[in-house]
Amino acid sequence: MSRAAKLSKVGRGLAIPDRNGLRQKVHGIWLRRELPTIDKILHEVNEDPSLPNFKRTTLYNIIRILDFVFAKRKRYGVLTEREDLINLRRNYLYDIRKYREEGRTIYYLDETWLNAGDRVDRVWIDKTVNSKYDAFNKGLTTGPTNLTGKGKRLIILHIGSDKGFLPGGLLCFESKKNSADYHDEMNDDNFKEWFESILPRLDPNSIVVMDNAPYHFVQAEKYPSASWKKAEILEWLNSKGAVFDRPMLKAQLVVKARELKPRQQTYIIDNLAKDAGHTILRLPPYHCEFNPIELAWAMVKGYVKRLNTTFKIDDVHQLLNTAIEWVTAENWRNFIKHVIEEENKIWKVDDIMEELIEEMEPCVLTITGETSDDESS
């Protein structure tokens, strides 16, 4: 296995919450107006019981997977982030602030899953709990669990705002694939069908925030590539009014098609939203903490896991419906308030990062590559 493949495997093996936790450790160091180095990050990560313990080399390799870069200063490698990622994040934060100031309703959507065998690892049994609503409020269960395995899985898609989950916005279906990634269950067609049903339910001139899942990025028009047949490329070029004064090879046609490709690609979902008077806003990579529905999902899953005693998929489905009903508009407003605090924190991190790097001696930003004395300090 190549070194690149090994690194990729290391990255895939790290749970998403752990990746986010590691990233937040780096941001926390910047927020204290300190310069993050590998050794400083390693110490903080290994001191946190909620994160895995890493060896120095392993941590360095994971940082490479997470698209950090180093600002070199003599023999010190100060960890920052790729310019394109900072740019995407800053633009998102600017846009969402502007939309809030304009008073536009902001909806957040996301997909998640529930397994029939999901339950809390440990539960307190309180015999004074006499209803599911009471259990939900107290965070308790009315009896012991009997785990029978993960079993079947529900794929869930929903959307909400400061008014709560959107009525009629839930899409839930049973998984048909034995895949570790629930995103494999969602495809372009069923997401598009669901999204079209949602648009008439939204407030006028709304913003819809979503992540970067592949089915959110289906192009409105497909453009020729080297994998196309020569005749297909010629047909596409003719449809664009291209004229040729000489015979051309396929490689030349691909170059010509690339020249005619617009700089800004358009996507089916964006066009549907625009036609309905709404705007799509995509989360920056690696920042699921900017989506308040993640907190709503945590609340919903906590309820289902506490009260799941049969481990039957139909019962889990019913628990899901009940949990969603009990997530209130007030809960959503609190989730959004927390997200705004996170947004403000990262805005400040970017300002501090730029300021401190400007104060450093002249440096060169390089994408993390082979470990060297400079980069591994």
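Analyst: **A loop residue and the helices around it**

Arg33 counts as partly exposed because its relative accessibility is 42%; buried means under 20% relative accessible area, exposed over 50%, and partly exposed in between, with a 1.4 Å probe and protein chains only. This is a predicted model, in which local features need pLDDT of at least 70 and side-chain atom pairs count only at pLDDT 80 or more, while totals for chains, interfaces and linings use all residues. Residues are numbered from 1 along each chain as its sequence is written, and side-chain values use heavy atoms, with hydrogens and water left out.

Arg33 lies in the loop between α2 and α3. Helices (H or I, at least four residues) and strands (E, at least two) are DSSP runs numbered from the N terminus. The phi angle of Arg33 is near 65°, a positive value in a residue other than glycine. Most residues other than glycine have a negative phi.

Axes are lines fitted to C-alpha atoms, for helices over the stretch in contact, and angles run from 0 to 180 degrees between N-to-C directions. The crossing of α2 and α3 is right-handed; a crossing is left-handed if the near helix is turned anticlockwise from the far one by less than a right angle, and right-handed if clockwise. From α2, the residues Leu22, Lys25, Val26 and Ile29 make the contact, and from α3, Lys40, Ile41, Glu44 and Val45, where contact means heavy atoms within 4.5 Å. These residues comprise five nonpolar, no polar and three charged. Ala, Val, Leu, Ile, Met, Phe, Trp, Tyr, Cys and Pro count as nonpolar, Asp, Glu, Lys and Arg as charged, and the others, Gly among them, as polar.

Helix α2 also packs against α13, at an angle of about 60° and with the axes 9 Å apart. That angle makes α2 oblique to α13, and their crossing is left-handed. Here His27, Trp30 and Leu31 of α2 meet a set of α13 residues that includes Lys345, Val349, Ile352 and Leu356. The contact divides into eight nonpolar, one polar and two charged residues.

Helix α13, residues 329-359, has a further partner in helix α11, residues 293-307; the two pack at about 130°, with axes 8 Å apart. α11 is therefore oblique to α13, and it passes α13 in a right-handed crossing. Ile293, Leu295, Ala296 and Met299 of α11 touch Asn331, Trp332, Phe335 and His338 of α13. Six of the contact residues are nonpolar, two are polar and none is charged.

The loop between β8 (279-282) and α11 holds Tyr286, which also has a positive phi, about 70°, although it is not a glycine. Tyr286 is partly exposed because its relative accessible area is 29%.

Buried residues make up 44% of its 377 residues. Among contacts between residues at least 6 apart in sequence, 72% join residues at least 24 apart.

Methods:
Parallel < 35°, antiparallel > 145°, perpendicular 65-115°, else oblique.
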